[in-house]
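Take a slow look at the chain below.

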Amino acid sequence: LVGTSLGSTSGSVTIGGVACPVTLQNHTHVFCTLPESQGTNKLIQLTVAGQGGNEDQYYSYMWPSVSSYTDPGTSPTVGSDLITIHGSNFGTSGTVTIGGAGRYCQVTGTYTHDTIECLTPPGEGTDQDLVVTVSGQTSTPIPFDYDPPSVSSIVPSEVPTEGGRIT
């Protein structure tokens, strides 16, 4: 934090109500270790010798960024394919959608600031938007492809010349 009359000792800082431990302080600067968090417009409160600052200042954590994902080699349209999403600034909790609002990739297992594991929702097609949302901050979409259709057999293998139903 940069300002004036910041004192030389006994300062305390909170960001969004969470302590930011002061590591160095002088009359124009206060350095603290940011707490793990996520989101935007976190109120910064500085108190020196019991006296609070006179202006509200706000801090925002960076939005999530997706760099890639890995899957086991297939992404069936039925969903439930375990994928691992790689990137940064995923925070401590968030959501993943593939193909639009309401199509959630169910987070299972790992959720860290740079890795998310989830089970894909049902879907089809190519270039479906994979998006990570953390506290209202949304990543730039990356394309996700479901498997193309694959016909393994036709029953019956022959039909009369007047036509008929196949499955």
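How many helices and how many strands are there in the protein chain? This is a predicted model, and it has zero helices and 15 strands.

Now step back to the overall form. The C-alpha atoms fill a box of roughly 95 × 25 × 20 Å along the principal axes. A compact globule of 167 residues would have a radius of gyration near 15 Å, but this chain has 25 Å. Buried residues make up 28% of the 167. The accessible surface comes to about 10200 Å², and carbon and sulfur atoms hold 53% of that. Count the contacts between residues at least 6 apart in sequence: 48% of them join residues at least 24 apart.

Next, go inside. In soluble globular proteins, nonpolar side chains tend to be buried together. Here the largest nonpolar core has 16 residues. Ile83, Ile85, Val96, Leu130 and Val132 have the most contacts inside it. Strands S9 (82–88), S10 (95–98), S12 (115–119), S13 (128–134) and S15 (142–144) each supply at least two residues of this core. S13 gives the most, with three.

Zoom in on Val132. Leaving out residues up to four places away in sequence, its contacts include Pro64, Val66, Ile85, Phe90 and Ser139.

Follow that last contact. Ser139 sits in the loop between strand S14 (137–138) and S15. Is Ser139 buried or exposed? Its relative accessible area is 3%, so Ser139 counts as buried, the cut-off being under 20%.

How values were computed:
Residues numbered from 1 in each chain as written. Predicted model: local features only at pLDDT ≥ 70, side-chain atom pairs only at ≥ 80, totals over all residues. Heavy atoms only, no water. Core = buried A, V, L, I, M, F, W, Y, C linked by side-chain atoms within 4.5 Å. Buried < 20%, exposed > 50% of the residue type's maximum accessible area, 1.4 Å probe, protein only. Helix = DSSP H or I, 4+ residues; strand = E, 2+ residues; numbered from the N terminus. Contact = heavy atoms within 4.5 Å. Rg over C-alpha atoms; globule rule 2.2 N^0.38 Å. Areas by Shrake-Rupley, 256 points an atom, 1.4 Å probe, with all protein chains shown as cover.
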